[in-house]
Amino acid sequence: MVQEFFNISLKERNSFGIEARAAALVEFDDTDSLRDYLASHPIGDRRTEVIGGGNNILFTQDFDGLLLHPVGRAFRLTDEEGDTVGVHAEAGLPWDDFVHLCAEHGLWGAENLTAIPGTVGAAPVQNIGAYGAEAADIIESVETLDLRTLKETTLAGAHCNFGYRDSIFKGALKGRVVITAVNFRLSRQPRPNLGYGALAAETASLGEPTLAHIGEAVRRIRTSKLPDPATLGNAGSFFKNPLVERSVAEALKRDYPDMPSYATDSPDRIKIPAGWLIEKAGWKGTTRNRAGVYERQALILVNRGGATGADIIALAEAIIADVRTKFGISISPEVNIW
Ligand code: FAD
Ligand code: NAP
């Protein structure tokens, strides 16, 4: 089934709570319905994008095209291979429901990604990650529908070009396909991954490192540090952490011995937390017009009430310029700016 909306407000459909309107928005609950709809309403030159929960989008203007919104929420176990279990989940399933369902079935692999707002269909797009885990660790394949040819494809995870907050869906396939479902592979074997920050201590405070305890520990840490979009508009981390040349990190470390830094998959690249750079540059807790930098985590830009996309962008640009001047490092947005 599809449902069409025209000239619809997006204020309740983006976590920044920005007022913007879409010329058209189509909700679909399965691939066949979407294919039939697009066959009878070809997108032609119309700008067409997919919106899930709108937790990683900043609207800077009205959307003068077609937004597609998946609402199918099916979740099913597909097969067992040794200790592993295949799971199929439709794009419209809220990500946190997926994580809960995995835990209910005793399946390991998604627990560190508890409480990330959004949908299953968006998870591969930026390869969501938290607490030392990322979606790519458990994605076996991604099912897509081409917006123009209407061809269905199942793309193996190995071909999704997953990287740090990156994938083929932000590159070659951007604006070309809808992700209709994701296939995961999880494990029945307990494999707690507690090496990140306060996670081990918070889990231990609850007891054994069970799926339920790890999920609850992640939820507690997140609730204590991150703003709830329901009360303070935001899209999570506004910027990506820069991955800089090792020599650049070493030079900065001489000037700022307290600067945190982390190894990456590449021996030549060091990750520096953008939140630390922004805080050190003096932006944490500040407000410009109606846009602000969150008091407890400088990586998060917030809507202090009635902000426009332009307010948020002006603040982001000022931060980018200041960080470049002070540290010689270019930081770039993680959030999709539309
Ligand atoms: P949307 O914001 O609707 O869309 C994001 C992008 O994905 C857009 O480009 C959109 O076109 C595309 N897209 C969405 N669905 C589809 C689809 N079915 N097919 C094709 N393209 C699609 N992110 C992390 O990685 N880790 C975190 O820990 C984290 N914490 C957050 C905390 C808060 C408080 C908030 C507000 C955000 C956080 N985020 C985090 C960012 C956000 O949760 C993720 O990016 C999430 O995947 C967004 O899901 P969504 O359904 O809201 O996607
Ligand atoms: P945090 O734990 O205070 O850490 C600050 C930064 O340092 C993070 O960006 C993190 O990088 C890095 N870091 C910390 N410990 C690390 C380790 N052991 N190894 C490698 N890198 C390490 O961060 P936070 O703000 O409270 O967020 C906690 C987790 O949730 C992080 O993984 C973060 O990515 C995720 N999160 C993401 C978003 C988003 O919108 N993308 C929003 C909120 C939280 P990484 O970011 O690479 O982990």
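Before the first ligand, one definition: by polar contact I mean a pair of N or O atoms within 3.5 Å. Please also keep in mind that this is a predicted model.

With that cut-off, look at Thr119. An N or O atom in the side chain of Thr119 is 2.7 Å from an oxygen atom of ligand 1, so the pair falls within the 3.5 Å limit and counts as a polar contact. Val50 also reaches an oxygen atom of ligand 1, here through a backbone N or O atom at 2.6 Å. On the nitrogen side, an N or O atom in the side chain of Arg222 lies 2.8 Å from a nitrogen atom of ligand 1.

How much of ligand 1 does the protein bury? Taken alone, ligand 1 exposes 970 Å², and the protein buries 94% of that.

Now the second ligand. Ligand 2 is surrounded by 17 residues, the closest being Tyr196, Ser237, Asn241, Lys271 and Gln297. A polar side-chain atom of Gln297 lies 2.5 Å from an oxygen atom of ligand 2. Ser237 uses its backbone: an N or O atom there is 2.8 Å from an oxygen atom of ligand 2. Glu334 places a polar side-chain atom 2.9 Å from a nitrogen atom of ligand 2. On its own, ligand 2 has 780 Å² of accessible area, of which the protein covers 78%.

Which elements each supply at least two residues of the shell around ligand 2? They are strand 8, helix 4 (211–225) and strand 13. The shell around ligand 2 divides into seven nonpolar, five polar and five charged residues.

Next, the aromatic residues. A search of the whole structure finds twelve aromatic pairs. Ring pairs link Phe75, Trp95, Phe98 and Phe184 into a cluster. There are also arginines over rings. Arg13 has its charged end over the ring of Phe5, 5.6 Å from the ring centre. Arg47 lies over the face of Trp338, with 5.5 Å to the ring centre.

Last, the overall fold. The secondary structure comes to seven helices and 20 strands. The radius of gyration is 20 Å, close to the 20 Å that the globule rule gives for 338 residues, so the protein is as compact as a globular protein of that length. Along its principal axes, the C-alpha trace spans about 60 × 50 × 35 Å.

That is what I have.

Methods. Residues numbered from 1 in each chain as written. Chains lettered and ligands numbered in written order. Predicted model: local features only at pLDDT ≥ 70, side-chain atom pairs only at ≥ 80, totals over all residues. Heavy atoms only, no water. Polar contact = N/O pair within 3.5 Å; in protein donor to acceptor, adjacent residues only side chain to side chain. Areas by Shrake-Rupley, 256 points an atom, 1.4 Å probe, with all protein chains shown as cover. Phe/Tyr/Trp six-rings, centres within 6.5 Å; stacked < 30°, edge-to-face > 60°. Lys NZ or Arg CZ within 6 Å of the ring centre and 35° of its normal. Helix = DSSP H or I, 4+ residues; strand = E, 2+ residues; numbered from the N terminus. Rg over C-alpha atoms; globule rule 2.2 N^0.38 Å. Near = heavy atom within 4 Å. Nonpolar A, V, L, I, M, F, W, Y, C, P; charged D, E, K, R; others polar.
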